[in-house]
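Subject: A structure for you to look at

Hello,

Here is the structure I promised to pass on. Please open it next to this email, and then read on for what turned up in it.

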Amino acid sequence: MIVPIFIPMAHSSGWSTRRRAEEWAKLARTPWKTLRERQDALVRKLIQERVYPFSAHYRRLMDEQRIDPRSIRSVDDLRRLPFTTKQDLLTSAGNEERRRDFVLAPSPELVRKHWPWHKKLNLLSAAGKEDLRREYTPNFVTFTTGRSSEPVAFAYTPHDLEALLKVGGRMLDVHAIHDPQARIVNVFPFAPHLAFWQATFAGFETGRFVLSTGGGKVMGTSGNIRLVDRMQPAVLIGTPGFLYHLLRQAQDEGKRFTKVERVILGAEKVPSGLKKKIAETLAEMGSTQAVVSGTYGFTEARMAYSECPTPHDASSGYHTYPDLCVFEVVDPVSGEPVREGEKGELVYTPLDGRGTTVLRYRTGDLAVGGMQTEPCPWCGRTVPRIHSDLRRVSDQRALNLTKIRGTLVDLSAMGTLLSGLPDVLEWQVAIAKLHDDPLELDVFTVRVSLRAGAEQVAARERIRRELHDTLEVSPNAIEVHTNAQMLEFLGMETELKEKRFLDLRPKA
Ligand SMILES: [Zn+2]
């Protein structure tokens, strides 16, 4: 008889990375029906083994509403739980006693009370206890960035940091960055925000060289340009506004960036017009094959999702991870689910999170084409994709909406429109009150700098027409400034995030 010899080996980090990459490769080609069945099993574990036992907020809520955790057996059953909103998070954050109610926090009593005996067996040893402590104890945090609300902290545990690594690797895979030598420059601002850390973790996971510059505020645009010039990276990652500015300035200085193959934009919505402008600028600098792709992520998800490479006037949508999260698409008014591919608000539930955990979180993002579950026509992956045309939900809960002269305006849509215009280099929108009097009319000014050779009268006319036709607002003035002046207005070198919208109206 042959006895197999088992040689124990220390697991190198390369081993875990490879295992995670293989797992993703398999997952991303598994038929959707099988993936959905697995999600149902994950939902049961999520509710029965983690959220109900260890989340003070959801245990209270389910007890109050008499929802038996064992009755939630599938993704569809999640609908029996109420939505969680940004307001719920703000209320909890503002209350000293309830501040940590969304963080999963096991205690010996809770484990004893809620876990089945076979799960408790592991905890008899000191190592088992330590594993549990480590799995659930937060050691990292990122914050939301609201225009008009206090930042809310989202805690990660070592388990969640491993997911952040995993997702980083998956994102580079979806962006088809396969060359292990590919060098990456990350120009997201140094900040406790998801975008910066997700990009950084993508490098940690894949062993790619990632240089993080910290963005314009840390070393100025010229410092960023010098580093990109020295590195000659294959991949640039950052916010659309700052990257576009960086490339234009480098081009003005006569720099050649000839090796760029991918530009990955994040933290903001990416209009297809801007993708094209970035690709054209890069082509003039010697990178003729650059593909510009967007990503979608939000603090509450603690992960981001990527588009796979397509021509700039098309989009694959954002590829999600069915083992880590589930998205519902609902009618923003009734809260009822819409049919596949129909417009609706994205509602997010993590399937494998620890730390700060929200169920059925209303993102406030409206996916115009909903979600798609048939295989991606561009890469063939079978994971659900979020349609890339995202808007803010048009109701008063959304933070990106403001009233200009009585009309509710989606500022993010306005930004998308202005960045997409071919003649516009930089833009800023200012809303003030006539004579600075709170009772007077709103004065809405658009400031722009224009591409060299652009005809001023025609450009103004086009801005006015597009704003009117798309958003039904007409600016009182369209000012054309030099690009240097615009960079000053925007704080491109001095602010963490450029100031695109100024609301100068005095509070009545
Ligand atoms: Zn794809």
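To start, in which helix does L471 lie? L471 lies in α14, residues 456-471. Helices here are DSSP runs of H or I with at least four residues, strands are runs of E with at least two, and both are numbered from the N terminus.

Two notes before we go on. Residues are numbered from 1 along each chain as its sequence is written. The model is predicted, so local features need pLDDT of at least 70 and side-chain atom pairs count only at pLDDT 80 or more, while totals for chains, interfaces and linings use all residues.

**How confident is the prediction?**
pLDDT is the predictor's confidence in each residue, from 0 to 100. The protein chain averages 91, and 94% of the residues score at least 70. Over residues 395-399, though, the pLDDT is below 50, and this stretch has 9 contacts in the model beyond near neighbours in sequence. A contact means that the C-beta atoms of two residues, placed from the backbone, lie within 7 Å. Where pLDDT is low, the predicted coordinates should not be read in detail.

**Around L471**
L471 counts as partly exposed because it has 17 C-beta neighbours inside 10 Å. (Buried means 20 or more other C-beta atoms within 10 Å, exposed means 12 or fewer, and partly exposed is in between; C-beta atoms are placed from the backbone.) Leaving out residues up to four places away in sequence, L471 touches V409, D410, A413 and M414. V409 is 62 residues from L471 in sequence, yet their C-alpha atoms are 6.8 Å apart.

**Two positive phi angles**
Most residues other than glycine have a negative phi. E472 has a positive phi near 60°, and is found in the loop between α14 and β20 (477-480). R302 also has a positive phi, about 55°, in the loop between β7 (291-298) and β8 (303-306). Is each of them buried or exposed? R302 is buried, because 28 other C-beta atoms lie within 10 Å, whereas E472 is exposed, with 11.

**Two domains**
An automatic or database assignment sets the domain bounds: domain 1 is 12-103 + 138-392, and domain 2 is 401-503. Between them, 19 residues of domain 1 are in contact with 17 residues of domain 2. On the domain 1 side, α11 gives the largest share, 5 residues.

Enjoy exploring!
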